[in-house]
Amino acid sequence: MLYFIEVVLPLAVSKTFTYQVSEAEFNYIQIGMRVAVPFGKTKIVTALVLDKNNTPPQLYEAKEIHQILDEQPVVNTFQIEHWKWIASYYMCSLGEVFRSALPSGYILESETIISAKENLALDTSELKDDEYLILEALKTQSSITVQDVIKIVGKKTVFPIINKLLAKGALVLQEEISEQYKPKLLRYIKLHDKFLLPDKLAELLQELSGAKRQRELVLHYFQLQAQDKNPISVKKILESSGGTSASIKALVDKAIFEEYYIAQDRVAFKTPTDSHFTLSLPQQKAYDAIVHNFKQFEVSLLHGITASGKTEIYIKLLEHFVQQGKQVLFLLPEIALTTQLVQRLTTYFGNEVAVYHSKYSNNERIEVWNQVVEQSPKAKVVIGVRSALFLPFSNLGCIIIDEEHEQTYKQHDPAPRYHARDAAIVLAKQHQAKVLLGSATPSLETYYNVQTKKYGLTELNVRYGKVVLPEIFLIDIKDKYFRKKMTGHFSDELIEAITKKLNLGEQVILFQNRRGFSPYVECMTCGHVPHCPSCDVSLTYYKFKNQLRCHYCGYSMANPTNCHSCQSVDLTTKGFGTEQIEMELKALFPEKNIGRMDQDTTRGKFGFEKIIDAFKNREIDVLVGTQMLAKGLDFDNVTLVGILNADNLLNQPNFRAYERAYQMMTQVAGRAGRSEKSGKVLIQTFNPLHNTIQQVLGTDYLGMYKEQLYERQNFKYPPFYRLIKLTLKHRDFEKLKEGSLWLYTVFTKSIPYPVLGPEEPAVNRVRNEYIRTIMIKIPAHSNLGQVKAMIHKTKNSFEAIPQYRAIKLTINVDVY
């Protein structure tokens with residue numbers, strides 16, 4: 001009888017594959033295990049077992065698997081079902097979800113090992129030079145890899161040469177697959193059993209009387225053992241005794257000490273300190289309301305103003321579910337936020353907290369994954385960004401999504417292009433768990449769901465400790481420039497306010513949502529602006545490195561001394577970014593410490609932590625930053641927040657521009673006056689009478705919501721319509737234009753809803769590929785599955801046309 005398993009590969013192919021296994025393998029394999037399978041001519045890849053059956057594939061002959069990689073499943077059935085939903089809803093392949101979900105250390109690929117055939121008798125005169133070089137290399141070593149062949153022949157395309165040698169019967173290929181994850185092993189020592197007897201101990205000390213350092217180490221070992229009954233690590237004994245590794249090695253060689261290794265977690269947090277707290281009366285009322293809402297609604301929104309103490313409510317809610325023996329997931333929009341929150345949660349929960357995000361190494365992420373699989377006490381509370389959603393929870397009780405309005409919850413590239421908030425709600429439903437969304441400025445879709453009684457609502461309208469909301473003032477910089485009251489990009493009022501706060505020993509946050517020194521450099525003679533050669537975008541100027549850099553492809557060049565078009569030396573920078581603000585501040589306040597927090601200063605693993613800790617410890621007086629600063633950070637000594645240019649938030653080519661501008665300004669303003677010291681917010685703008693800026697001034701969320709909802713209904717945008725965006729890319733502009741028009745024509749005939757496009761986006765060429773987009777608007781209550789099926793069918797027809805096959809087509813559902 002034949003046995004088969006159905007697997008998914010970490011590829012963009014939409015189908016699953018069937019492989020043949022022996023009866024013993026079939027009985028051993030469980031759904032959710034990884035197996036290594038042959039794919040193509042010379043490759044072995046990791047696959048995930050989805051099903052076991054006795055049905056052979058109809059269209060191809062099933063190959064045998066290479067090997068089984070796991071002893072226990074690393075993925076559970078909850079995850080597989082959730083991945084299938086993500087693949088279906090966001091219109092991508094299950095393989096793409098699999099690749100994105102699993103830590104890359106779990107997705108192994110083979111290395112092709114090449115060796116010469118035994119007793120090879122081949123006429124070397126028939127061989128070409130490249131073939132001869134490969135066989136000569138195999139005379140001196142038993143086997144080589146494909147990378148070795150590339151070095152030997154000095155070419156990148158080597159598979160045709162290898163195939164010719166295979167055809168001549170000169171080579172043998174085999175695939176080797178190795179686990180990338182290695183547990184962290186700590187070296188420990190213990191005294192050999194024979195020396196534990198009293199008479200033998202005296203004999204040992206007598207034997208070491210001539211080796212003073214070794215004798216001291218043995219005596220120190222006894223001292224440590226008397227103090228602490230735990231195993232003694234080599235590191236611990238060397239640190240406390242001042243001994244050397246050579247002495248330890250000598251004692252091991254003499255069989256006095258025995259070495260052994262214990263696997264240890266790479267990330268471990270200290271035991272909790274006495275950090276229990278009581279909720280204030282408004283917080284307690286909000287907590288009770290959330291618990292009550294959970295009886296009626298699966299999803300509830302906590303709409304609490306900035307600094308109202310939402311985190312304390314989250315902690316109490318986490319504790320409530322942990323005490324029930326459940327796992328809980330705390331999702332955050334930015335890695336920067338995990339730094340502060342981890343410190344707060346570990347003082348409360350200790351080593352029951354696990355952290356999962358991309359700044360952790362592969363091995364660290366695999367350890368967290370394994371802890372969640374095993375339902376370890378070390379991973380009762382999991383904190384992470386959107387990727388933490390894919391962890392193998394099997395007993396999930398609650399998901400908390402902080403700052404649920406943030407656009408960083410949406411994945412844009414690569415596929416799956418999912419929205420973590422929406423995917424988390426579906427995951428919670430599978431586990432029959434509860435979801436709490438938290439925000440001071442909820443997204444319009446979430447608040448609409450509250451208004452239509454789909455979600456519960458809890459409001460928290462007072463700041464913690466009865467701290468008052470910061471006062472917000474508008475500065476009309478159009479008037480300031482006219483009256484010559486601007487110093488660089490600072491108005492006289494802002495400089496005066498910063499000076500006053502710094503003299504009082506208080507801290508200041510300044511927000512400018514653009515990194516670099518200047519967005520572009522312009523020639524004052526002919527107006528030429530240096531552009532990226534691969535992208536249709538101007539190069540951003542960085543003064544510190546004296547270079548121009550593209551934010552899309554990473555291309556950089558030295559800052560030109562003369563215009564590339566007319567050779568004029570009259571060049572000037574236009575606009576301003578965080579780097580320029582930092583330099584102006586250093587000139588204005590030379591005695592103060594100025595810090596900067598943007599993508600350029602937080603690249604390392606601990607980049608966020610260093611800046612946040614320095615600011616918290618008051619080593620930095622003024623912190624300049626991009627939108628990273630706007631999200632949930634808590635600094636009790638910040639009393640002034642300055643928004644340097646509110647208009648660049650408003651003037652974005654996006655239907656969400658005003659909503660996002662309101663959210664961003666309100667969130668940044670909320671960093672001020674979070675303790676007993678009162679806060680102040682200064683917003684510099686050319687247009688102080690703009691509706692959105694006036695709504696920020698009056699903290700009028702409801703006014704903004706009603707205005708934007710009216711606009712959305714009129715112009716067919718979410719929450720009344722769903723959006724599906726198709727992006728086409730190709731190096732040939734004419735071919736792309738022709739292909740996008742073909743696709744648009746088919747859609748307009750087959751889909752009875754608005755189809756917009758094909759249009760060129762604001763940046764219409766990236767990495768030498770031209771871009772066209774088509775937008776489909778589908779009414780919220782219509783049959784979405786039917787439209788998706790039509791899109792899939794049209795996409796398959798499009799890819800079947802030979803001249804359009806090279807055009808890259810990506811689909812983005814619910815493009816936010």
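How many nonpolar, polar and charged residues are in the lining of the second largest pocket? I count 20 nonpolar, three polar and eight charged residues there. Here Ala, Val, Leu, Ile, Met, Phe, Trp, Tyr, Cys and Pro count as nonpolar, Asp, Glu, Lys and Arg as charged, and the others, Gly among them, as polar.

Ground rules. The model is predicted: local features need pLDDT of at least 70, side-chain atom pairs count only at pLDDT 80 or more, and totals for chains, interfaces and linings use all residues. Residues are numbered from 1 along each chain as its sequence is written, and side-chain values use heavy atoms, with hydrogens and water left out.

Entry 1, the pocket. I looked up its volume, which is about 900 Å³. A pocket, on a 1 Å grid over the protein atoms alone, is an open set of points where a 1.4 Å probe fits, with protein on both sides within 12 Å along at least five of seven lines; lining residues have an atom within 4 Å of a point. Points are joined across faces, edges and corners, and the volume is the space filled by probe spheres set on them. The lining has 31 residues, with Asp422, Asn449, Lys454, Tyr455 and Arg722 nearest the centre. Helix 2 (77–89), helix 15 (420–431), helix 16 (444–451) and strand 32 (721–730) each give two or more residues to this lining. Helix 15 supplies the largest share, six residues. Helices (H or I, at least four residues) and strands (E, at least two) are DSSP runs, numbered from the N terminus.

A nonpolar core is a set of buried Ala, Val, Leu, Ile, Met, Phe, Trp, Tyr and Cys residues joined through side-chain atoms within 4.5 Å; buried means under 20% relative accessible area (1.4 Å probe, protein chains only). The largest has 116 residues, and Trp83, Ile399, Leu726 and Ile791 have the most contacts inside it. A second, separate core of 31 residues includes Ala286, Phe294, Leu345 and Val355.

Why is strand 31 (residues 680–685) largely enclosed by the rest of the structure? I find that five of its six residues are buried. Strand 19 (residues 471–476) pairs with strand 31 in the parallel sense over six bridges, where pairing needs at least two DSSP bridges. Asp476 stands opposite Thr685 in strand 31. Strand 30 (residues 638–643) also runs parallel to strand 31, joined by four bridges, and Val641 stands opposite Val681.

Methods. Buried means under 20% relative accessible area, exposed over 50%, partly exposed in between (1.4 Å probe, protein chains only).
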